[in-house]
Amino acid sequence: MLKMLTFFQGLPGQQPVSGAPDFPRSAQKLPSTSEAESEASMSEASSEDLVPSLEAEVATDRDEEEAGKKKKKSKGLATMISVFTKGRKKKGQPSLSETEGESESSPRPPAQLPTVEELKADLERGRLEAARPLLALELELQEAAAAGRASEEELVRRQSKVEALYALLRDQVLGQLRRPLEAEPERLRQALAVLAEQERQDHAAAAAAAAAAAGAPGCPGLAATRPRGWLQLWRDGVAQAAAERLSRRPAADAEGRTEAERTFLHMGRTMKEDLEAVVERLKPLFPADIRVVAAYAESYHAEFASQLSALTQFELCQRDTYMLLLWVQNLYPNDILNSPKLAPELQGVRLGTLLPPTQIRLLEATFLSNEVASVRELTARALELESNRWTNDEAPQRLDGHCHSELAIDIIQIISQGQAKAESITLDLGAQIKPLLLEELARFLRSYQRAFDGFLERCRQLRNYRANVIANINNCLPFRTSLEQQWQTPPDLRSSLLRPLNELKSHGFDTLLQSLFGDLKPLFKRFTQTRWAAPQQTLEEIVSAVAERMPEFSELQDCFREELLEAVHLHLVKEYIARLCKRRLVLKTAEQQQQLAGHVQANAQLIQQFCTQSGSRATWLHDALPTLAEIIRLQDPSAIKIEVATYSTLYPDFSKGHLSAILAIKGNLSTSDAKSIRSILDINTGAHEPSKALFSLIKVG
């Protein structure tokens with residue numbers, strides 16, 4: 001019986017909902033709140049003019065046997081009308097108890113009521129003014145039944161006519177309220193006044209029924225026709241309108257949305273626009289007691305929840321699961337219910353969530369599982385594509401003079417998007433997914449390291465081999481930056497995540513430096529082969545060879561180029577010390593030892609100067625050679641002990657074996673003095689394990 005509410009289209013400042021046909025618009029401009037009060041005053045005057053006309057008429061279908069009692073009846077009717085019209089209308093928005101009727105300054109003399117045929121004609125013409133005499137007929141009928149002035153058959157006949165008229169009135173009233181924005185404001189107020197009066201009569205009938213149950217006399221011979229429940233019928237109509245509005249199939253769009261996504265968007269947009277229209281255009285006209293905004297909000301919410309509940313009965317794809325949670329947990333409560341126009345109006349309206357909490361938890365668990373699986377699949381695919389480029393000997397991109405790969409950017413985006421999607425639902429869900437995503441990142445980095453190591457072993461002969469090695473070393477920078485800045489992981493977890501990257505970088509450095517270090521090996525051998533006859537010349541050749549190869553590393557990121565040069569610096573110092581420890585040089589005089597110490601000191605200065613100017617920041621290596629030169633130069637065992645003790649604090653991996661190899665150069669040192677000097681390393685100096693290795697990389701006999 002109730003048709004769809006059609007007022008939601010064509011609102012000022014509103015765009016029609018996608019997929020919904022245009023609704024007819026009211027030709028008359030709706031009044032503002034102040035205009036509504038003015039028209040309400042005009043309505044009051046017309047309602048007061050109605051009372052004398054009602055009292056001037058009398059029903060023509062009464063039995064002749066009641067004619068002799070006319071005077072007595074008129075007196076009862078006058079009393080009834082006086083009660084019916086009692087009270088004054090308040091200013092401002094009407095309440096349910098104030099909408100119907102206006103009071104008269106004094107009771108008017110009784111008069112005849114219109115006939116049933118006249119009322120029927122008025123109602124068929126849509127004249128809602130007929131509601132007042134119809135109510136008078138009903139009350140007059142109840143008075144006749146209570147007084148026993150009519151037979152049971154007559155009461156039944158007259159009541160059936162009254163109820164038929166009420167059916168016509170109901171259709172007229174609910175018809176106006178079914179399309180409230182199409183109705184003229186005055187007609188809408190009349191319909192609301194009738195609705196309010198009927199609601200009051202229902203309450204009065206309920207009170208009378210309670211009194212009758214307690215023993216008070218009722219109306220014998222009349223069937224119970226109240227409560228008629230027109231207010232509930234109106235609410236049912238609102239619910240039906242909400243169902244019809246939200247269940248419309250949205251039109252396909254060009255943005256590639258799934259059907260579920262289009263449905264969510266259609267329902268959300270429709271509900272928001274419709275409720276805003278209720279707030280702006282209906283609330284000023286409806287009595288406050290009807291709570292028109294709450295009625296529409298509850299109906300739309302119930303329909304929205306019903307459709308989502310039905311949707312969860314089917315197996316949802318990953319995309320639709322995310323979109324469902326996004327609407328339930330974020331967009332619906334925040335963008336619709338808490339929108340600037342609706343939030344103040346919905347305070348105190350308990351709508352609840354669109355889905356039960358248990359259902360939401362299940363959907364969230366499904367979302368987390370889907371997202372982790374998706375991240376794993378996408379990262380594996382990205383690594384496969386990248387490794388295929390290496391093996392196919394594709395040259396890496398160049399960006400700002402550096403070899404560049406998109407792999408790190410792709411992986412970071414995949415992980416970050418998973419985090420962002422969860423946080424877009426709720427921050428709590430974002431916190432839940434973070435450790436899962438970091439675990440997937442750790443899994444990927446281990447796979448990345450294994451794939452890179454395989455490439456290093458199998459593809460040495462490829463033309464772009466070194467360029468791709470450099471590109472992968474450069475990849476470590478965005479990974480490291482993301483872990484340190486974006487994810488803000490605890491130090492121990494960050495160290496665990498960075499370990500595969502450090503291994504990858506180290507293996508890459510070893511590969512890049514392998515040929516250079518191979519070229520330097522025969523030059524370092526010359527120190528011992530010539531018994532340190534011309535160490536300065538030999539070292540200058542070594543430095544020159546390194547300098548010639550430096551351009552090969554220019555396409556590394558600056559930070560990694562510095563780390564690589566530190567590795568070169570370490571190699572030069574380590575190999576120099578290794579040659580001193582070969583035990584092939586024994587100097588028996590102090591002058592010879594001082595001369596060698598001078599060479600070592602000069603060589604140390606050359607290495608330090610070259611490496612520092614090239615970009616090495618390995619300052620921790622600066623004392624390695626000069627202190628050894630001092631140990632070689634000194635002749636006093638006590639002074640040597642002091643230098644050894646200091647040296648062991650700088651380089652905790654300096655062992656007795658290394659010390660013995662250096663002391664072997666001093667051919668004039670007695671065995672007992674050498675043993676006494678070595679014993680200094682037995683003393684615990686409190687030094688910790690070295691953070692960087694030097695002597696542990698040097699093997700001694």
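The legends below describe several close-up views of a predicted model. Residues are numbered from 1 along each chain as its sequence is written, and side-chain values use heavy atoms, with hydrogens and water left out. Because the model is predicted, local features need pLDDT of at least 70 and side-chain atom pairs count only at pLDDT 80 or more, whereas totals for chains, interfaces and linings use all residues.

**View 1. Salt bridge between K341 and E280**. The side chains of K341 and E280 form a salt bridge at 3.1 Å, N to O, a salt bridge being a side-chain nitrogen of Lys or Arg within 4 Å of a carboxyl oxygen of Asp or Glu. This pair links distant parts of the chain, 61 residues apart, with K341 in the loop between α10 (318-337) and α11 (357-391) and E280 in helix α8 (residues 259-282). Helices (H or I, at least four residues) and strands (E, at least two) are DSSP runs numbered from the N terminus. K341 is partly exposed, with a relative accessible area of 44%, and E280 is partly exposed at 38%; here buried means under 20% relative accessible area, exposed over 50%, and partly exposed in between (1.4 Å probe, protein chains only). A search of the whole structure finds 36 salt bridges.

**View 2. Salt bridge between E364 and R361 in helix α11**. The side chains of these two residues meet at 3.0 Å, N to O, and, because E364 and R361 are three residues apart in the helix, about one helical turn separates them. E364 is buried, with a relative accessible area of 5%, whereas R361 is partly exposed at 45%.

**View 3. Helix α17, with E563 and L565**. E563 forms a salt bridge with R480, the closest N and O atoms being 3.7 Å apart. E563 lies in helix α17 (residues 558-580) and R480 in helix α14 (residues 465-486), so the pair ties together parts that are 83 residues apart in sequence. Relative accessibility is 24% for E563, which counts as partly exposed, and R480 is also partly exposed, with a relative accessible area of 21%. L565, in the helix α17, counts as buried at 4% relative accessibility, and its C-alpha atom is separated by 8.2 Å from that of R617, 52 residues apart along the chain.

**View 4. Positive patch with K521, K525, K582 and R584**. These four residues gather in a patch of positive charge on the surface. Patches are made of residues with over 30% relative accessible area and no salt bridge, like charges being joined within 9 Å and nonpolar side chains (Val, Leu, Ile, Met, Phe, Trp, Tyr) within 5 Å. K521 is found in helix α15 (residues 491-529) and, at 48% relative accessibility, counts as partly exposed.

**View 5. Backbone geometry at P227, D400 and R531**. A cis peptide bond, with omega of about 5 degrees, joins R226 and P227, and P227 is found in the loop between α6 (185-213) and α7 (230-246). D400 has a positive phi of about 55 degrees although it is not a glycine; D400 lies in the loop between β1 (397-399) and β2 (402-404) and is exposed, with a relative accessible area of 70%. R531, likewise not a glycine, has a positive phi of about 55 degrees and lies in the loop between α15 and α16 (535-549).

How values were computed: Accessible areas come from the Shrake-Rupley method with a 1.4 Å probe; for residues, only the protein chains shown count as cover. Lys and Arg count as positive and Asp and Glu as negative; His and the chain ends are not counted. The place of a charge is taken as NZ of Lys, CZ of Arg, CG of Asp or CD of Glu.
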